[in-house]
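Subject: Structure handover

Hello,

Please find the structure below. My notes on what was found in it come after.

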Amino acid sequence: MAETPQERAEAARVRRRWINLGELVAVLALVISALTLWNSYRERTTNEAEHAQESAQSAKKATILILKATADKDGRTLALAPHADEQAIQSQTIYFPAKLGVSPAETSSDARIEKSWFESALVSARKAAGVETAPGDARVPVLIETHYLTDGDAHIDRALYEIGYVTSHSLIGGTDVHLRGLSRTGPVSSDDVGQKRIDASWATRMAPKK
């Protein structure tokens, strides 16, 4: 039986609907594909940016020098070394409070602090301040300038530290100083600034007792 004009028109409308539906599905597939590519790109660029930031932070952190100190059994010497394995100390200059009248001590490779460099001046200063026999641990502020390498690259660190020590006393031997450790208090921009700060700290610590 031949189709009537109405049936042919209806069939044409159905075909057009299927064509339009197919086009819509194709467009949706393209949109989904584009969104997937965009999300993938954004995730990749975000990960790359985070990795670059972490690498930069790690590199910056690796260049910061933190000294660790190990006292010998008699408390005569503090052996100094960097906390980071990739760092190597080349030389150091240790500056003491000006009131002690002690010249800066310089070391090369064998990084250390020896009590003989400042013990006599320290004992005299404690006696003058009336704290010669004060109990407990005490501290001497110092400025340490360190030339060091990090993965082969040369750097300079200037920082304030405090030398921890205790004293012992005897009628025959007098006052003896025993070094205990070292603690970092913060970086400084120059030797002049660092010297002023350790002098101010020392003046506060050694103010005469009333």
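Phenylalanine 96 counts as buried because its relative accessibility is 2%; buried means under 20% relative accessible area, exposed over 50% and partly exposed in between, with a 1.4 Å probe and protein chains only. Phenylalanine 118, at 1% relative accessibility, counts as buried too.

Before going on, two remarks on the source. This is a predicted model, in which local features need pLDDT of at least 70 and side-chain atom pairs count only at pLDDT 80 or more, while totals for chains, interfaces and linings use all residues. Residues are numbered from 1 along each chain as its sequence is written, and side-chain values use heavy atoms, with hydrogens and water left out.

The structure holds 1 aromatic pair. Phenylalanine 96 and phenylalanine 118 form this pair, which is tilted, with 5.2 Å centre to centre and 35 degrees between the planes. Rings of Phe, Tyr and Trp (its six-membered ring) pair if their centres lie within 6.5 Å; planes under 30 degrees apart count as stacked, over 60 as edge-to-face and the rest as tilted. The pair links distant parts of the chain, 22 residues apart: phenylalanine 96 is in the loop between strand 3 (87-95) and strand 4 (105-108), and phenylalanine 118 is in the loop between strand 5 (112-114) and helix 2. Helices (H or I, at least four residues) and strands (E, at least two) are DSSP runs, numbered from the N terminus.

Next, the cores. A nonpolar core is a set of buried Ala, Val, Leu, Ile, Met, Phe, Trp, Tyr and Cys residues joined through side-chain atoms within 4.5 Å. The largest has 31 residues, and Phe96, Ile113, Phe118 and Ile163 have the most contacts inside it. Strand 6 gives the most to this core, with 5 residues. Apart from this core lies another, of 5 residues, including Tyr95 and Ile198.

Glutamate 119 lies in helix 2 (residues 119-129). Glutamate 119 counts as buried because its relative accessibility is 17%. Neighbours within four places in sequence aside, glutamate 119 is in contact with Thr175, Asp176 and Val177.

Last, a hairpin. Strand 1 (residues 67-71) and strand 2 run antiparallel and are joined by 5 bridges; two strands pair if DSSP finds at least two bridges between them. Leucine 67 has proline 82 in strand 2 as its bridge partner. The hairpin has 5 residues between the two strands, and glycine 75 in the turn has a positive phi of about 70 degrees.

Regards

Methods
Contact means heavy atoms within 4.5 Å.
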